[in-house]
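Please have a look at it first.

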Amino acid sequence: MIEQNDILGSAQTAAERAILLVLPEHISHLERLRLLTTPNRLPTVTVVGKYNHGKSRLLNELLGQDQFSVADKRETITLSSQTHHAVCWLDAPGLDADISLDDDRLALRAVWIESDIRLFVHTAKEGELDGCEHDVVKQLCNDEGLTQRKTLFVLSQIDQLPGTGELENILKALGQQAPGTVFHAVSSTRHRQGQTESKQLLVQKSGIPALKDLIADAVTNVPQARAFEAARLFEHFSTELQQQHALRQQRLEALLQRQSDQRHQFDTGLHTVLAKVQTDLLAIINAPGFGNSLTPDYASDQYKLTAAKRERARIQVAYSRACVEIDAFLAGHGVTGLSSGKTPVSGSLYTVMIAVLGISVKHARDLQRIFGSPAGIQQLHEAFTQYFNASTDQVTLAQDIVAAKLQVNVALDAIDALASFTLPA
Ligand SMILES: Nc1nc2c(ncn2[C@@H]2O[C@H](COP(=O)(O)OP(=O)(O)OP(=O)(O)O)[C@@H](O)[C@H]2O)c(=O)[nH]1
Ligand SMILES: [Mg+2]
């Protein structure tokens, strides 16, 4: 599996890196765009086809020089290039996925990233295309329709056929197998022999001069095809990045909305619960016997149920009920414990209720101070809100929002980075 770091490592500029951070799976397209926007880059012609089909030898004949290694076995295993007449000629390994994945990777790189013109080479000896070749031909035709990158289809080694009738049969079969393609029949052997022996007719009959003319036409058209392909790729990246930005922005807005909704629900809910608790407690505070609770106990009252004791019990029960109501509300909003960093004396004391209201039994004066005035209720509201904001759910949500904002900014940076590419005219 390709790691994110490997992908980013292949970026050559900060702009490419910024784009790959958003669209790592588009690395090949980005490399192609880089080449298309590199000024003064020579038109590049490459070969594609199965091994031993005569690709390297064909390139040698086209160049008129034995630059590429030819052999009767799997020979080309790396990419090698030669500049000749202001064209870069790129020899590539054969496409045979079952033999070496690395060779295929190089072959695919030559075809899909490096080249402007592809020579698809199929040897006449094999007759029709096999399944793998057929797929490649379809992909190449499809690509030309989309990008204007030219592919020329070459039927090689025709001197190996017994006669012209056989050649016609194969060409017809190929035309049926891959509709829309025109295969150009060539023989590198005849071309070389014709040249060596100064036999012009043999040279002509080799099909190589006609193929050279087709390549020369395609080379002339490379600037226009490149401009078309670059504009298309640019548009592709632009659309993808805008989509990514929109998606990320939506995600951020959804998170912000969730945060705002949760804050609002907590705020209004807390307001309601505190108002109710206040009403309940004020009824106790304002009851006629309330003052009794302030009367101290005497030693002689130890086993007596005095009016003061009865009143204090009543206050305590009412206060406990209020605490239960507030606590239930807090639990419903994820405020279940103190945030980390505060060392509890004991687990049971590690609660928001105790942190805000304290552990002491409440006396009448305490209740009056805490619940008896708007300022006291406001203080409670603020204290509980602080613990709500510090609750695990809210902290996680806030972190998600920070991460989502970052993702939006990364997409915006990528959009800016794309604008730094200068498209060919
Ligand atoms: N008779 C004949 N043999 C040819 C012709 N072209 C290539 N060959 C032979 O076919 C064999 C393979 O040729 P290469 O050019 O090395 O084939 P390739 O497609 O580059 O092979 P890989 O590099 O392994 O992918 C060699 O022995 C060539 O001499 C041709 O037109 N006629
Ligand atoms: Mg080769």
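Here are my notes on the domains, the sheet, the cavity and a pocket.

**Ground rules.** I am working with a predicted model, where local features need pLDDT of at least 70, side-chain atom pairs count only at pLDDT 80 or more, and totals for chains, interfaces and linings use all residues. Residues are numbered from 1 along each chain as its sequence is written, chains are lettered from A and ligands numbered from 1 in the order in which they are written, and side-chain values use heavy atoms, leaving out hydrogens and water.

**Domains.** I looked up the division first: domain 1 covers 42-220, and domain 2 covers 242-296 + 304-411. These bounds come from an automatic or database domain assignment. The domain centres, taken over C-alpha atoms, are 78 Å apart.

**Sheet.** Next I traced an open sheet of six strands in the order β2-β3-β1-β4-β5-β6, with mixed pairing. Helices (H or I, at least four residues) and strands (E, at least two) are DSSP runs, numbered from the N terminus. Two strands pair if DSSP finds at least two bridges between them. Which strands are at the edges? They are β2 (80-84) and β6 (183-185), each pairing on one side only. On average, neighbouring strands are turned by 30 degrees against each other, direction ignored. I also checked β2 with β3 (residues 87-91): they pair in the antiparallel sense over five bridges. Serine 80 has aspartate 91 in β3 as its bridge partner.

**Helices on the sheet.** Helix α7 (residues 164-177) lies across β4 (117-123), β5 (150-156) and β6, at about 145 degrees to β5. Helix α10 (residues 208-220) lies across β1 (44-49), β3, β4, β5 and β6, at about 170 degrees to β5. Contact here means heavy atoms within 4.5 Å; axes are lines fitted to C-alpha atoms, for helices over the stretch in contact, and angles run from 0 to 180 degrees between N-to-C directions.

**Cavity.** How many cavities of 30 Å³ or more does a search of the whole structure find? It finds one. On a 1 Å grid over the protein atoms alone, a cavity is a set of points where a 1.4 Å probe fits but cannot get out, while a pocket is an open set with protein on both sides within 12 Å along at least five of seven lines; lining residues have an atom within 4 Å of a point. Grid points are joined across faces, edges and corners, and a volume is the space filled by probe spheres set on the points. The largest cavity holds about 40 Å³. Its lining is Arg32, Asp116, Arg149, Val222, Ala225, Arg226 and Glu229.

Last, I noted that the second largest pocket has a volume of about 400 Å³. Of its 26 lining residues, Asn52, Gly54, Val70, Ala71 and Gln157 are the closest to its centre.
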